[in-house]
Amino acid sequence: MSKLKISVYAITKNEENNVLDWYNSMKEADEIIVLDTGSTDKTLEMLKKCPKIKAYQEKIVPWRFDVARNKSLEYVAEDTDICICTDLDERFERGWRKSLENNWTKDATRAKYLYNWSFDEYGNPGTTFYLNKIHTRHNYKWTHPVHEVLTCLDNENEIFIPNMVLNHYQDFTKPRSSYLPLLELSVKEDPTDDRNMHYLGREYMYYKKWDKAISTLHKHLLLPKATWKDERCASMRYIAYSYFNKKYYEEAIMWYEKAISESPYLREPYFDLGYMYYTIKDYKNSEKYLRQALKIENKTISYINEEKAWNETIYDLLSISCFYNSKFEDSLHFVNQAINKNNKDERLKENKKIIENYIQKNI
C-alpha cells in the first residue's frame with residue numbers, strides 16, 4: 001500500500017502543560033489540527049510553535065462537545081486518508097503510525113485500538129478498553145452534546161490495530177461541571193439512547209442525587225436498546241449504591257444480587273456487595289462475596305472495570321474480614337497479597353504486624 005496521509009485532530013482549552021508531551025506523541029502524523037475553544041493561558045501560543053500543528057481558535061456558544069469536534073474535523077485536509085481524534089491529555093506510544101499503516105485495509109472506514117484510561121501509582125494500567133476514534137475523512141460526524149459519539153453516515157467497516165496503544169493521563173483538577181446539564185440535554189434530545197441514559201444516571205450518582213440516579217438508571221434498564229450486559233450490570237450496581245447511601249440496605253442488597261445475576265462473569269458486582277457488607281461490619285458476608293470476586297481472575301477490557309476490584313483493596317478488605325471471622329492464617333495470607341500489590345502502604349504493613357503478633361500469641 002502506498003503511503004497514507006494521516007491527520008490527528010483535537011480540541012483544547014487551557015492545557016498548556018499538556019501541549020509538548022501530546023505533540024511529541026502525535027508528530028508521526030502528517031498533519032495535526034487543534035481547535036482551541038478559548039484558552040486564557042499559553043496553550044494557543046505553544047501550539048503555534050510546534051512545526052506540524054495548525055492551530056485555530058473559535059468559541060463554541062452554547063458549548064457542546066460534538067459541535068467542537070465537528071468544527072475541528074472541518075479543518076482537516078480533504079485528501080486525508082485517515083483521521084485520528086485525540087485529546088491533549090492522551091499520548092500514543094511510539095511507533096503507532098507504523099502499526100496503523102501496516103494494518104489499515106482499503107475497505108476499512110474505522111479502527112479500534114487499546115486505550116489505557118487510568119494507571120495505578122506504579123504506572124500499571126488500571127481501566128483499559130478499546131477506543132475507536134480513527135476513521136476515514138468523510139462520512140463521519142460527532143453526535144451528542146457530551147460523551148460524544150463518532151457516528152458513521154454510511155456503511156462502516158471497523159478493523160483492529162494491534163500494537164497501537166493510547167494512554168490517558170487525566171487531570172482531575174479540571175472541573176466537569178458542564179457534564180450534568182449537557183447529559184440532561186443529550187437525554188432530552190434522544191430519550192431512546194441507552195448509553196447517555198446510563199451516563200446521566202451515573203452522573204446523578206456522582207453528584208449524590210440518589211433518587212434521580214435511581215429513577216434514571218431504572219429508565220436505562222427499561223430501554224429496548226439497553227442490551228449490553230456489562231453496562232446493565234453497572235446500572236444495577238449504581239442503583240444499589242444509591243440505595244445503600246440512602247440507608248435502604250435491603251434494596252441495596254437486592255440490586256447488587258441482580259447485578260451479579262446479570263453479569264456473573266464480572267468481578268465488580270461481587271466486590272461491590274462484599275464492600276457494602278464490610279462497610280456495615282457484616283464480615284461473614286463480606287468475606288463470602290469478596291472470595292467469590294477473587295474467583296474471577298480475568299479482567300475484561302471494558303470501561304466498566306473498577307480499579308478497586310483489581311488492586312490491593314480487595315485483599316485488604318478480605319484480610320480484615322477474615323481477622324474478624326477468626327481466620328487469622330487467611331487474614332495474614334490476604335494482607336501479604338495486598339502488600340504485594342502495594343508495598344508503599346504503611347497501614348497494610350502495620351496490619352500485618354498486628355495479625356502476626358496475634359497468631360504468635362495464640363499458638
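Trainee: Which residue stands opposite Ile-84 in β4?

Mentor: Val-8 stands opposite Ile-84 of β4. This is a predicted model, and what follows is computed from it. Strand β4 covers residues 82–85, and the partner strand β1 covers residues 6–12. β1 and β4 run in the parallel sense and are joined over four bridges. β4 also pairs with strand β7, residues 128–135, this time in the antiparallel sense and over two bridges. In that pairing, Cys-83 has His-135 of β7 as its bridge partner.

The side chains of β4 fall on two faces, and both are covered. Ile-82 and Ile-84 lie on one side, Cys-83 and Cys-85 on the other, and all four are buried. For the protein as a whole, 52% of the 363 residues count as buried.

As for the setting, the protein has 14 helices and ten strands. Its C-alpha atoms fill a box of roughly 75 × 40 × 40 Å along the principal axes. Of the contacts between residues at least 6 apart in sequence, 66% join residues at least 24 apart. The exposed surface comes to about 18300 Å², with 49% of it supplied by carbon and sulfur atoms.

Among the helices, α8 (residues 229–245) and α9 (residues 249–262) pack with their axes 8 Å apart, at an angle of about 170°. α8 is therefore roughly antiparallel to α9. Residues in this contact include Met-236 and Phe-244 of α8 and Trp-255 and Glu-262 of α9. By class, the contact has twelve nonpolar, six charged and no polar residues.

Notes. Residues numbered from 1 in each chain as written. Predicted model: local features only at pLDDT ≥ 70, side-chain atom pairs only at ≥ 80, totals over all residues. Heavy atoms only, no water. Axes fitted to C-alpha atoms, helices over the stretch in contact; angles between N-to-C directions. Parallel < 35°, antiparallel > 145°, perpendicular 65-115°, else oblique. Contact = heavy atoms within 4.5 Å. Nonpolar A, V, L, I, M, F, W, Y, C, P; charged D, E, K, R; others polar. Buried < 20%, exposed > 50% of the residue type's maximum accessible area, 1.4 Å probe, protein only. Areas by Shrake-Rupley, 256 points an atom, 1.4 Å probe, with all protein chains shown as cover. Pairing = 2+ DSSP bridges.
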